[in-house]
Amino acid sequence: MQRPGPFSSLYGRVLAPLPGRAGGAASGGGGSSWGVPGSHVQPPGCEQSGVLGGASRTNTNGGEASSVLPGASTMSKAEEAKKLASRAAVENHVKNNQVLGIGSGSTIVHAVQRIAERVKQENLNLVCIPTSFQARQLILQYGLTLSDLDRHPEIDLAIDGADEVDADLNLIKGGGGCLTQEKIVAGYASRFIVIADFRKDSKNLGDQWHKGIPIEVIPMAYVPVSRAVIQKFGGVVELRMAVNKAGPVVTDNGNFILDWKFDRVHKWSEVNTAIKMIPGVVDTGLFINMAERVYFGMQDGSVNMKEKPFS
Ligand code: 5RP
């Protein structure tokens, strides 16, 4: 088991003396694009969609969009916090000769930037497994070595963002619709490290993330799956709709996404298992007992690291 590195402090707030703090192109100078450097093309498949029947939104960032748009200073603080968390995680966990799982979203862009810097500076030999089309593009654009689970079925370390993290380090993921591949990659990784900004740190799931739990479904089953989830667990289920396309969001796997807006705190492990058993469900955005550590970038420029007591 790898020992804590220089940023580590169990449940502690750690000031991150990060080298090379200048932001990379993909951060868009404090923006929150999921894009890649030199590209104005929004990665497909990981697009955050509008809510069916709800107010339309123009923000395509999986972690940013909300019904109440935060002010500009909160946004830039959040972006800076993503960068701090990402860089702390990369400093602490990325080592030579690793197979890395590369997550999806806006936070992971900062991690990939730092990984690419370290590969150049330290001549690291790394192989990267993407969790989405967006991650694949990031890996290629930053000149990292792209591979897949056929050639590298064992991953040393997966790094990914999250939409919300509870006190037990259970996660909601899939705000960008990439949950299934993200769970596969995290599930086959020896270590799964999460990077997030301060807005994702909650006591209970649903405290701050109000867009529900994403569920990837086979398209022909989206109506019966929706009905089954409501019947078993209550709440509201919405088919996630695309923004710049008529109709639903279609995932990188050719499926639909349901967003289940739950109305109370559940026993998430049981709920996750039960939903996965519903015919037509591919996977859920509940990542139960998977994250070993979470690095939260904080508003004051520090990094708060939380980890499972047993790890
Ligand atoms: C995509 C995800 C992302 O990791 C999650 O939405 C967090 O995104 P961001 O880093 O943009 O806040 O699960 O499916």
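Helix H4 (179–187) gives the lining of the second largest pocket its largest share, 3 residues. This is a predicted model, in which local features need pLDDT of at least 70, side-chain atom pairs count only at pLDDT 80 or more, and totals for chains, interfaces and linings use all residues. Residues are numbered from 1 along each chain as its sequence is written, and side-chain values use heavy atoms, with hydrogens and water left out.

Let me stay with the pocket. A pocket here is an open set of points on a 1 Å grid over the protein atoms alone, where a 1.4 Å probe fits, with protein on both sides within 12 Å along at least five of seven lines; a lining residue has an atom within 4 Å of a point. The second largest pocket has a volume of about 200 Å³, volume being the space filled by probe spheres set on the points, with grid points joined across faces, edges and corners. Its lining counts 13 residues, and Ile129, Pro130, Ser147, Asp148 and Gln181 lie nearest the centre. Strand E4 (127–130), helix H3 (133–141) and H4 are the elements that give two or more residues to that lining. By class, 7 of the lining residues are nonpolar, 3 polar and 3 charged. For the classes, Ala, Val, Leu, Ile, Met, Phe, Trp, Tyr, Cys and Pro are nonpolar, Asp, Glu, Lys and Arg are charged, and the others, Gly among them, are polar.

Now the chain overall. Of its 311 residues, 58% count as buried, meaning under 20% relative accessible area with a 1.4 Å probe on protein chains only; exposed is over 50%, and partly exposed is in between. Taking contacts (heavy atoms within 4.5 Å) between residues at least 6 apart in sequence, 75% join residues at least 24 apart.

Next, strand E9, residues 213–217. How many of the residues of E9 are buried? The count is 5 of 5. In a regular strand the side chains alternate between the two faces of the sheet. In E9, Ile213, Ile215 and Val217 point one way, and Pro214 and Glu216 the other.

E9 has pairing partners, where pairing requires that DSSP finds at least two bridges between two strands. With E11 the pairing is antiparallel over 5 bridges; Glu216 stands opposite Ile257, and Ile215 opposite Leu258. With strand E12 (residues 281–284), E9 is joined by 3 bridges, also antiparallel, and there Ile215 has Thr284 as its bridge partner.

E11 itself covers residues 256–261, of which 5 of 6 are buried. Strand E10 (residues 236–241) is antiparallel to E11, with 4 bridges, and Val236 stands opposite Lys261.

A separate item is the open sheet of 3 strands in the order E6-E7-E13, paired antiparallel. Its edge strands, E6 (164–165) and E13 (286–287), each pair on one side only. E7 (residues 171–172) meets E13 over 2 bridges, with Ile172 opposite Leu286.

Last, helix H2, residues 107–122. Its 16 residues reach 23 Å from first C-alpha to last, close to the expected 22 Å, which is 1.5 Å times one less than the number of residues. Buried residues in H2 include His110, Gln113, Arg114 and Arg118. After H2 comes Asn123, with a positive phi near 55 degrees.
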